[in-house]
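Biologist: Could you walk me through the charged pairs in this structure? I'd like to go one question at a time.

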Amino acid sequence: MSARVALVTGAAGGIGAAVADALAARGYVVVAGDLDGPATPVRPAGAVVPVRLDVTDEADVVRLVRWVEDEVGPIEVLVNAAGVLRPGVVTESSLADWQAVLAVNATGVYLVSREVARCLSSRRRGAIVTVASNAAGVPRVGMAAYAASKAAASSLTRSLGLELAPYGVRCNVVSPGSTRTPMLAALAGSVGPDDVAVLDEAAESRVVAGTPQDFRLGIPLGRLAEVQDVADAVVFLASDAARHITVHELVVDGGATLR
Ligand SMILES: NC(=O)c1ccc[n+]([C@@H]2O[C@H](COP(=O)([O-])OP(=O)(O)OC[C@H]3O[C@@H](n4cnc5c(N)ncnc54)[C@H](O)[C@@H]3O)[C@@H](O)[C@H]2O)c1
């Protein structure tokens, strides 16, 4: 029997890579798409196949999904993990900032989900999990475009779940809170050697404690999420253990948004 196939976007990033590894550990061949990937996919001996993918480029998305279906195998699981964050208050932001964030976080989810959904529904099998954010459900100072884009991604994914339910295809959302990745380090504003974003102890404590002036409560469980915390939730929703769960949003934020 051929291996089950999963497509993960943003798979060179912190959460995407953890999801790709977790799915590979469960026997999937994982096509790991990311802007930061090789233009020509090579089938290595391992179960993770890195490939360049721009989720904002319709032709690129169509081409990649076709390649996976033809050369790797029928996709069973899609995880939308690609994302970008451009912090800044609305009055100081540009239209280009807004469009760049919406393009990846909302339109990218639409394009990849649409292409994969066509394959899954025709086979009446499969699952889609979108990594949104707890910011999708609460207002955030300096993150308006990001929060709006994640609300769009979450809503799109759950509406798609309704459309695909008659075909037995499930669509769910995982909404992480602050998770130890390069994205969080950049947001927390701590910069290490060679200008690489690192999360220093002071920045981490601030995130965990919360910032009342920004109406951020902090994290009741008292720590950041590790990428594995998020990957475990994604893998659960993608798995047969979640076979009766669809159009659901699972918040993985240590209680930060009280949901
Ligand atoms: N880290 C957090 O605290 C946090 C919290 C909530 C939600 N999230 C979400 O989790 C997901 C993963 O984030 P992360 O923390 O691992 O960030 P990350 O920056 O480590 O990874 C994001 C990845 O997306 C890729 N990407 C960006 N634009 C792309 C495009 N056009 N096409 C394909 N790939 C593209 C990047 O190259 C990068 O590898 C994102 O959607 C993010 O918004 C993260």
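**Salt bridges, pair by pair**

Biologist: How far apart are the closest N and O atoms in the salt bridge of R63 with D60?

Modeller: This is a predicted model, where local features need pLDDT of at least 70, side-chain atom pairs count only at pLDDT 80 or more, and totals for chains, interfaces and linings use all residues. Residues are numbered from 1 along each chain as its sequence is written, and side-chain values use heavy atoms, leaving out hydrogens and water. A salt bridge puts a side-chain nitrogen of Lys or Arg within 4 Å of a carboxyl oxygen of Asp or Glu. For R63 and D60, the closest N and O atoms are separated by 3.2 Å.

Biologist: Which helix holds both R63 and D60?

Modeller: Helices here are DSSP runs of H or I with at least four residues, and strands are runs of E with at least two, numbered from the N terminus. The two residues sit three apart, about one turn of the helix, and that helix is α2 (residues 58-72).

Biologist: Is D60 buried or exposed?

Modeller: Buried means under 20% relative accessible area, exposed over 50%, and partly exposed in between (1.4 Å probe, protein chains only). R63 has 53%, so R63 is exposed. D60 has 11% relative accessibility, so D60 counts as buried.

Biologist: How many residues apart in sequence are the parts that E69 and R123 tie together?

Modeller: Their side chains meet in a salt bridge at 2.8 Å, N to O. E69 lies in helix α2 and R123 in helix α3 (residues 95-123), so the separation in sequence is 54 residues.
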